[in-house]
Amino acid sequence: MNLNSLRDTEQLPRVIRQYLASQNSKVDHQFERRQFLKLSLGAGLSLGFLPLSTSAQENSLKAFQQPQAFVQIRPDNSVNVTINRLEFGQGIQTALAMILAEELDADWNFVTASHGNADPAYVDPLFGMHSTGGSGSVKNSFTQYRELGARARAMLIAAAAKHWGVAPNSVSTQSGKLINADGKELTYGAMAEAAMHETVPEKIKLKDAKDFRLIGKKTGRLDARSKSTGTQNFGIDVRRPNMLTALIAHPLVFGARIKSFDDGATKKITGVKAVVRIPADRGGEAIAVIAEGFYAAKLGRDALKVDWDTAGLELVDSSKQRMHYRALAKTPGKKKYDADVSVLGSAAHQIEAEYYFPYLAHAAMEPLNCCIEIQGEGAQRKVDIWVASQMPGMDSMALAQVLGIKPDQVHIHVEMSGGGFGRRAIPTCDYVVESAHVVKAAHAQGIRNPIQVIWTREDDMRAGYYRPSHLHHAKLGFDAKGDILAWDHVVVGQSIVQGSPFEGFLMKDGIDGTIVEGMRDPYRIPMRLSVHHPKQNVPVLWWRSVGSTHTAYVMETLIDEVARKTKQDPVAYRLRLFGENAKRHQSALQLAVEKSGYGKRKLAKGEAWGVAVHESFDTVVAYVVTATIRNGQAQLKTVTAGVHCNLAVNPRTIEAQIQGAAVMALSTCLPGSSISLKNGEVEQSNFHEYRVARMNEVPDIDVYIVPSADAPTGIGEPGLPPLAPAFANAIAKLTGKTPRELPFKLL
């Protein structure tokens, strides 16, 4: 999800509040003093850790600036850092803990991390809402977590100074210890309780970057051991006493309702407790089978006989949709850029191209799941929900609305997630809402057990949300030097924000800003760009790297094609087009070129270089790849990445992020990596029909980071967009033809 464009707007909190109000929510993201005290007491005193200062109640700091909800120091000197984001493989529990521990001057060997929840303290400090997305976790919380650590350290120093009867400025810290001028030492654990009563300083001095001892060093992840030994629990591993499992029969045509159904065979299956009819996403209906365990629920669902009513629904067919998009691309759309392109017809060289990108599934390794437990009745009712959520605030409120309770009656437990790529940050809160309806219907039948709803991978692939399909049509004219004289471009694709609470600030002049992100910049070219947003009966959502997944491909393959047609080196050509205002692009590309040996190293016969560079989420990634053709199939041989993400908090995590993104991007190139529809139904169901790269298809991937001391930018998503065009540009050198479609067709 791309929220970067919101950085300078003051509208977001208001818009979100309007949306929340429309959902009958009474939650206010402005942290109330009473809430803060409640949270502080819960996180601090009940656990016996740092902190609560009575004077902290009176300071003017906002909730997300108070260390009380983020730092717990135990008497054994261990330090737990609460993370305000979802850990779903990106390494954020380690990176944010490093940032806070740096300023706290904690002993890294005793640092752990845990998830926050929907409490207002854990909102994104920039946007004022709970969110993990837009590659903004480190970028938006870098200063926040530094200040949290520095404030906690100052409180420990103040407590130690009182203990010794010395001035605070005579007390220093070193790796979890407090040291006075006489050389006496106290541990953080020994002073944690006393520190709770110290004033929370509003102004603190942060370290100079040259003094960092944790930030910038390759650091192993805090969750590495548990994940590598199989002891890490994820959302799907949640177990509650007497918990039941529910699987849902979703309509295969989006929005279909139930005409009739027969659950006779289902109810005869041992372990099946109930069959309930529930509302489904997009105005449809569904049937949930509640049973003692997954196996019984699966058998029960398989035995259901359902006749679906699709009357009045659009039955999308991918081939027809593509023809429709092609026709739309030949008509004027809503204009994003409006440069004069009248010289196109008279240009010495011209390219006219059509690109097509299919729907894509998120296909995370851990299927969607959500466990809900209700206790008590009426105003005393309390609801616990265990779910790996990228937006726990919205999910909590959506749940409360379905169950007819107040949001503060909901306690969300944010669980570790086995991937997500945007699927767990959905404005409709679809699978949480659906789970709430299951529990509500079960209660109506007298079932009071906790219920875990599980979507199989087939469920999410056939009834989920998708990266929209897109069609681009481009015409550009250029001279013999490669100077682009005019570029006329049309993009066709569904909007992912239209109709959502994000529409108010992500759509402008009828254009979804995500569909054009990455177009034109940083190249100084005269472009006329227009957009069509057709309505289709297919639910769409952001997918890792959002719009750049298709715009980077189009831009970087066309730029490369101009270089080839004018017989110019693609690297030199790009550097010339960047101009002086794209220093970070230059640095990333030159680093990748230098490390890869491009232009210096001779490739084997039948191999070719490919180059691409793209900025997304404020980070620039350049790839230099080598590829070959074998048995009619394009193969990626090597990948060298140059990354400019400013300060690298944990270079090891950044390396892993880029490698993971490159592999995910490679998957989009392989035949079979697409979602298609026929008669309104998705044709793929699991990995045997929806291709992802296998281990034997993954090339060597080397990652290099441009040194910088500037504040970090996003890293979770920027590694994906430029890989496919770099691969395609290598193929074009080998075959003379640029692939115009993802996934690649057999050559």
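This is a predicted model: local features need pLDDT of at least 70, side-chain atom pairs count only at pLDDT 80 or more; totals for chains, interfaces and linings use all residues.
Residues are numbered from 1 along each chain as its sequence is written, and side-chain values use heavy atoms, with hydrogens and water left out.

View 1. Strand E16 (residues 382-387) pairs with E17 in the parallel sense over five bridges; two strands count as paired if DSSP finds at least two bridges between them. Helices (H or I, at least four residues) and strands (E, at least two) are DSSP runs, numbered from the N terminus. Together with helix H10 (residues 392-403), E16 and E17 make a right-handed β-α-β unit. Right-handed here means that, with the strands pointing away from the viewer, the path from the first strand over the helix to the second runs clockwise. In a regular strand the side chains alternate between the two faces of the sheet. Buried means under 20% relative accessible area, exposed over 50%, and partly exposed in between (1.4 Å probe, protein chains only).

View 2. Cysteine 429 is in the loop between E17 and H11. Although cysteine 429 is not a glycine, its phi is positive, about 50°. Its relative accessibility is 1%, so cysteine 429 counts as buried. Histidine 437 lies within helix H11 (residues 430-444) and is also buried, with a relative accessible area of 18%. Leaving out residues up to four places away in sequence, histidine 437 touches Ile278, Pro279 and Val402, where contact means heavy atoms within 4.5 Å.

**View 3. Strand E10 and its two partners.** Seven of the seven residues of strand E10 (residues 285-291) are buried. Glu285, Ile287, Val289 and Ala291 point one way, and Ala286, Ala288 and Ile290 the other way. Strand E7 (residues 244-249) runs antiparallel to E10 and is joined to it by five bridges, with leucine 247 opposite valine 289. Strand E9 (residues 272-279) is likewise antiparallel to E10, with seven bridges, and arginine 277 stands opposite isoleucine 287. The hairpin of E9 and E10 has five residues between the strands, and arginine 282 there takes a positive phi near 60°. For residues 229-312, UniProt lists "domain: Aldehyde oxidase/xanthine dehydrogenase a/b hammerhead" in an unreviewed entry. UniProt positions are given in the numbering used here, feature names are shortened, and annotations may be inferred rather than shown by experiment. Over residues 229-312 the chain is 15% helix and 38% strand, and the end C-alpha atoms are 51 Å apart.

**View 4. Salt bridges between separate parts of the chain.** A salt bridge is a side-chain nitrogen of Lys or Arg within 4 Å of a carboxyl oxygen of Asp or Glu. By this rule the count is 38 salt bridges. One of them links aspartate 124 to arginine 85, with the closest N and O atoms 2.8 Å apart. Aspartate 124 is in the loop between strand E3 (111-115) and helix H4 (137-164) and arginine 85 in the loop between strand E2 (79-83) and helix H3 (92-104), so the pair ties together parts 39 residues apart in sequence. Aspartate 124 and arginine 85 are both buried. Glutamate 102 forms a salt bridge with lysine 207, the closest N and O atoms being 2.6 Å apart. Glutamate 102 belongs to helix H3 and lysine 207 to the loop between helix H5 (188-195) and helix H6 (224-228), so this pair ties together parts 105 residues apart in sequence. Glutamate 102 is buried at 0% relative accessibility, whereas lysine 207 is partly exposed at 24%.

**View 5. Helix H15.** Helix H15 (residues 548-565) has 18 residues and spans 25 Å from its first C-alpha to its last, close to the 26 Å expected at 1.5 Å a residue. The expected span is 1.5 Å times one less than the number of residues. Of the 18 residues of H15, 16 are buried, so the helix is largely enclosed by the rest of the structure. Just after H15, lysine 567 takes a positive phi of about 55°.
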